[in-house]
Amino acid sequence: MFGNINWNDADNVQRQILAIPEMVSKDKKYQNAMKNSDEQEARTESERALQQVIFSIMADNMELFKQFQDNPSFKKWLSDMVFNLTYNPEGKPYVMPGEDTGRKATIYEFPQEEWSMSMVAEDTVPYGTKKDKH
């Protein structure tokens, strides 16, 4: 359950949500705004980049796309989470914790007012890679 939503494919949604901040942070306009503009302009660019990422993953997860488009509370929660994880005045891309460490499990906790979520990533399968189910 992520953001009080009972997802049909929770594993896929979790994998995609964990990948979103890194994807957003690699957006060149967002990096430029972090380096050369104020925080509000950076947030605007973060939200624009997030919209593009959501559209790009739409084919893999229509359910996530639909919640993002139709659920203002979820959209705000995701937008705030992504910005809080990725914003830095140096404009450096976000790297998901544990990605370079080879650890098998990383725990993420994002306490929010209405939306709270605790996620555990069992392994670090890169976004877009199909996990072998043996």
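## Ground rules

Residues are numbered from 1 along each chain as its sequence is written, and side-chain values use heavy atoms, with hydrogens and water left out. Since the model is predicted, local features need pLDDT of at least 70 and side-chain atom pairs count only at pLDDT 80 or more, while totals for chains, interfaces and linings use all residues.

## The nonpolar core

Let's start inside. The largest nonpolar core has 24 residues, and Ile20 and Leu78 touch the most other members. (Such a core is a set of buried Ala, Val, Leu, Ile, Met, Phe, Trp, Tyr and Cys residues joined through side-chain atoms within 4.5 Å; buried means under 20% relative accessible area, exposed over 50%, partly exposed in between, with a 1.4 Å probe and protein chains only.)

Not counting residues up to four places away in sequence, Ile20 touches Leu50, Val53, Ile54, Ile57, Leu64, Leu78 and Val82.

## A buried asparagine

Asparagine 12 is buried too, at 13% relative accessible area. Leaving aside neighbours within four places in sequence, asparagine 12 is in contact (heavy atoms within 4.5 Å) with Asp60 and Asn61.

## Charged pairs

Now for the charges: there are seven salt bridges, each a side-chain nitrogen of Lys or Arg within 4 Å of a carboxyl oxygen of Asp or Glu. In one of them, glutamate 22 pairs with lysine 26, with the closest N and O atoms 3.3 Å apart. Glutamate 22 is buried at 12%, whereas lysine 26 is partly exposed at 48%.

Salt bridges also link Arg43, Glu47, Lys76 and Asp80 in a network.
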